[in-house]
Every structure is written in C-alpha cells, then in structure tokens.
Amino acid sequence: MSGEERNIRLCLAYDGTGYSGWQRQPEARTVQATVEACLKRMTSEELTLHGAGRTDAGVHALGMVANFHTRTSIPVHGLWRGLNAMLPADIRILKVQEADPRFHSRYSATGKAYRYDLYTGPVQQPTRRLYETHVPCRFALDPVLRCLALLRGTHDFSSFEARGSRNPACTNGRGAVRTLFHCSCTPGPEPESWSFRFLGDGFLRHMVRNLVGTLLLVARGQMTTDEFSTVLQARNRSLAGPTAPARGLFLEQVFYGPLP
C-alpha cells in the first residue's frame, strides 16, 4: 500500500572486506546496491539510498548514515527487522528513523569521525588481518603527536588528496580546505597496536589514508616533524607519503548539528 512520501534515515554498520566500496557500480558488489536491492524487495519501489559518504573498497563502517524516500506504509520497526533478515551478515542496520523531508544524509552532515587501526609487532594475529594494517616497525609516538597537533584547525589538505577527489578547475566552493577538530594517536587494545582518530567537518578522497601513510614515515624516523609541516603547506600530493591500506579504516560516526 502506498501513501504520502516519507524520508527514512538509516544508521548502518558493515564489514567492507567483500565490497567494492559504498557507491553503486556496474558489475561490482557494493554496500549501496546491496541495501537498495533489499529495499526494493520490501517496498516494490525503485529507491535510491543516499549515503553520508563514499567509503572505498575494503573500508569498514560502524556508523554510516543513509536516507531514502518512499511511499511504503511499512513502519520503521518493520523496515529494521525486514532489512536485517534479508541483508548478508556483513551489513547490519543499527537504527531506522522517520526523518524530516529536508534531511539529506550527506548535505545535512556537519562532520565525520574516522578511526585507523594498525599493528606494528612482528607477527599479526590472523583474525585481525582484515581490520588493522600490519606495519612491523619501531613506532615513535612523540613526533607523530607533534605532527597531529599541526593538523588541527583549518588547512588546505591538497597534499593529502587523492586524484579524483574533486574537480580542481571548479573555483567556487571550499576546494581542498577542511577543518580538523580532533586528531589523535593512542595505543590500541593489544601491545604494539595503535589507533589514529580524526574528527573533521569533511574529508577529501583518501585523505585519512594519505595522512596515516605520511605519519607512518614520521613514526619510523623517515620524515621529521618540520618536513611534515612543509608537506602540509606545500599543497603537493607527490611530497606526502603513500596511501595506507583500506583495511585499517573505519567510518565511526557521522554528525548532524553541533560537533563534540
């Protein structure tokens, strides 16, 4: 039965290992397309699920937010139960809510929080290989913390932007300028494990992974704090470090309204 159009907001968690990212792609298994297929079965409607961001292949999410418009009369609890009954075990719907008609998961967002996990010991537990990057090395925390302090605030992050992140010829908008409110690196739950966390008003494509890849050069003594500062100010991707693997990255939370 159909009625007035509703705007439905979802909070999802997923293991990104078996997916070519969030965004729907031809001939590829993606999170967006998988959830849309289940929604179509439930509602008999061709729906578009709008995500708060586009996580890459292999990236995980603990709190992705998405929304869709529908005329179905299925209550939110029924959508929650039905989707979790049909979805594969590596995607779960944590919450379903009625949203304001003007709500958009991407454009209404005020910020996102990401976590990047890595292990620096000689032998990694095999059960962690899909959820943390293994970098066997000596990890010097103090210079990393000094670099993280440099990142806080508003900067042009072109040095940490992947190609294809945006159209560089577009002169309106904010370009590569983003604000990071929180940057940290703390010991993880196991010896020789570490967690980077970043909270910002937005992130460029591969920005977190490029930051971590460069900070790892600092941690190993291959780049000084002053050199890291020069890279940040240079707005030149070729000067920064490599892109860290996707497996260690988690989208932890999407924020709407004031940031913590």
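## Basis of the model

Local features in this predicted model need pLDDT of at least 70, side-chain atom pairs count only at pLDDT 80 or more, and totals for chains, interfaces and linings use all residues. Residues are numbered from 1 along each chain as its sequence is written, and side-chain values use heavy atoms, without hydrogens and water.

## Positive phi angles

Most residues other than glycine have a negative phi. Ser44, which is not a glycine, has a positive phi of about 60°. Ser44 sits in the loop between helix H1 (31-43) and strand S2 (50-51); helices (H or I, at least four residues) and strands (E, at least two) are DSSP runs numbered from the N terminus. Ser44 counts as exposed because its relative accessibility is 67% (exposed is over 50%, buried under 20% and partly exposed in between, with a 1.4 Å probe and protein chains only).

Glu192 also has a positive phi, near 65°. Glu192 belongs to the loop between strand S8 (177-187) and strand S9 (193-200), and its 40% relative accessibility is why Glu192 counts as partly exposed.

## The second largest pocket

The second largest pocket has a volume of about 230 Å³. A pocket is an open set of points on a 1 Å grid over the protein atoms alone, where a 1.4 Å probe fits, with protein on both sides within 12 Å along at least five of seven lines; lining residues have an atom within 4 Å of a point. Points are joined across faces, edges and corners, and the volume is the space filled by probe spheres set on them.

Of the 15 lining residues, Tyr119, Arg128, Glu132, Glu190 and Ser193 are the closest to the pocket centre. Strand S5 (111-119) and S9 each give two or more residues to the lining, and S5 provides the largest share, four residues.
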